[in-house]
Amino acid sequence: MIRQEQMQVVKQQTIATNIFELTLTGQLVLDMKQPGQFVHLRVSDQMEPLLRRPISISSINKGTLEFTMIYRADGSGTTLLSKKKPGDQVNVLGPLGNGFQIDKVEAGQKALLVGGGIGVPPLFELSKRLVEKGVQPIHVLGFQSEDVVFYEKQFQELGETHIVTVDGSYGSTGFVTNVLETLQDDFEVYYSCGPTPMLGALEKMYSEKEGYLSFEQRMGCGIGACFACVCDTTEKIDADYVKVCSDGPVFPSGVVRV
Amino acid sequence: MNRLVIELPGLSLKNPIMPASGCFGFGKEYAKLYDLSQLGAIMIKATTPETRLGNPTPRVAETPAGMLNAIGLQNPGLKKVMENELTWLEQYEVPIIANVAGYTTEDYVTVAEAISKAPNVHALELNISCPNVKQGGITFGTDPFVAEELTKAVKAVSSVPVYVKLSPNVTDIGAIAKAVEAGGADGITMINTLLGMRLDTKTGRPVIANVTGGLSGPAIKPVALRMVYDVAQQVSIPIIGMGGVSTIDDVIDFLSAGASAVAIGTANFVDPFICPNLIEQLPKKLDELGFDRVTDLVGRSHRL
């Protein structure tokens, strides 16, 4: 069920340059089903900025009724969000969208998780769920440079983790695809979230594999009513378009025309 | 006595609050959040004869106290709207106002004739004001003669009253209003969005793929209010007012300026529960202002 709730800030901290980790608490957490879903936040009660901000969920803790988001403060909305302190309220609409399917991979099998920049966060909850299930995750995480790398240790605790930076200031140099070329492809399914060109490259690279890709698009309503976030589809499916917010943001590989 | 009831051509509204076309799809998404039967009416997304896939993305951009959109009238087309969407909406006790759009007069006539026969469509809203399509839309809404002729053609085939949705992107909106009234319009809905644009300051490129988009949200309320106030004095057919309505005070202002009912657009994206919330707040606001009924408020600014 989608709800709107005034949730309370439990914790907020900077974890890399302009990258924030924000934990909120409230009943809405109980409705979060899949890793890869997102929430739509109002960062202010004022008319400026007016629209909600879609932000992916990076971690869910139903026991404490808390969930965590990791986001980059690079616009007026996310900058305001980064000023929120413990005890402050945030108006949350969610959980929204369809997340990553984990039923296609069994205990003992491997799953490849590929994240690019601010697309990395939703893979964290996904990896936790996979590990709970007995699946072995392999993480390949790409960032621009060392100062924006985050959660390396957290991912390492869950499984094999490769970090790559575009400028080579940390980990390997280049794009995630440079690392992927050196890895065995003995995984059952791959999951990815990040820039669209990266998702396209993965689809090409693993065209024989089952994959789930999380897309990003400018949104209006976040619930499927306004048709702002539509994407063209391939011949593979019998629909002229899909909406990232309500049909996605996660789609099986081959559905969205990249 | 029901204080919120409003009677308009074709429409017995249990209250004067309705979601505006294009901001509510065909209701399915919002039906997951609340009972649509609470609403005064629903203005469904513009329907054209054939399927339309709309404009390239990005289609929206935020602006100070508002937003730009250039969706491009994306809709599944007349047949699917009638078979899937309107049929599905029949489960709710809410009159539907069908927004009708097209490239040509024939398109409007085709859609109007068919869709006005749907049992839950109680009125049409002629979209002669969409700024985001290259043909049709606004080209019908900026010339009084063309607007009048189109209204006549649609009136001749429609089984329900016809409201015409006016564009603010004109020099004299009163002239268009009088023309559609002369063409037989039963009511006016106003305003559609204001043509605008936003640039990426770093690159100088337009943020919206369509280059320009329609501005909506609180930023346009003063413009909309002025236009409703003007038009209300120039025509005798009722007005459904809209443009940046997001609070109960905005609702009161539009009624005072001469609107008989009020539509909510962009505010649905900010607070998806805005329509039921405003409906709930309305009686209290009437008490506060000392009015018995919503109808007592309509056009009060002109009687002062």
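Trainee: How many residues of chain A are in contact with chain B?

Mentor: Please keep in mind that this is a predicted model. The size of an interface is often given as the accessible area lost when the parts come together. Here we count residues instead: 24 residues of chain A are in contact with 28 residues of chain B.

Trainee: Which classes of residue make up the side of chain A that touches chain B?

Mentor: That side has 14 nonpolar residues, together with five polar and five charged ones.

Trainee: What confidence values does the predictor give the complex?

Mentor: The complex has an ipTM of 0.93 and a pTM of 0.95. For chain B, the mean pLDDT is 96, and 99% of its residues reach 70 or more.

Trainee: Let us turn to chain A on its own. Into which domains is chain A divided?

Mentor: Domain 1 covers 3-96 and domain 2 covers 110-214. Taken over C-alpha atoms, the centres of these two domains of chain A are 23 Å apart. Their contact takes 15 residues from domain 1 of chain A and twelve residues from domain 2 of chain A.

Trainee: Which strands each supply at least two residues of the side of domain 1 that touches domain 2 in chain A?

Mentor: They are strand S1 (3-16), strand S5 (59-61) and strand S6 (66-72) of chain A. S6(A) gives the most, with four residues.

Trainee: How do the residues of that side of domain 1 of chain A divide by class?

Mentor: Nine are nonpolar, five are polar and one is charged.

Key. Residues numbered from 1 in each chain as written. Chains lettered and ligands numbered in written order. Predicted model: local features only at pLDDT ≥ 70, side-chain atom pairs only at ≥ 80, totals over all residues. Domains from an automatic or database assignment. Contact = placed C-beta atoms within 7 Å. Nonpolar A, V, L, I, M, F, W, Y, C, P; charged D, E, K, R; others polar. pLDDT = per-residue confidence, 0-100.
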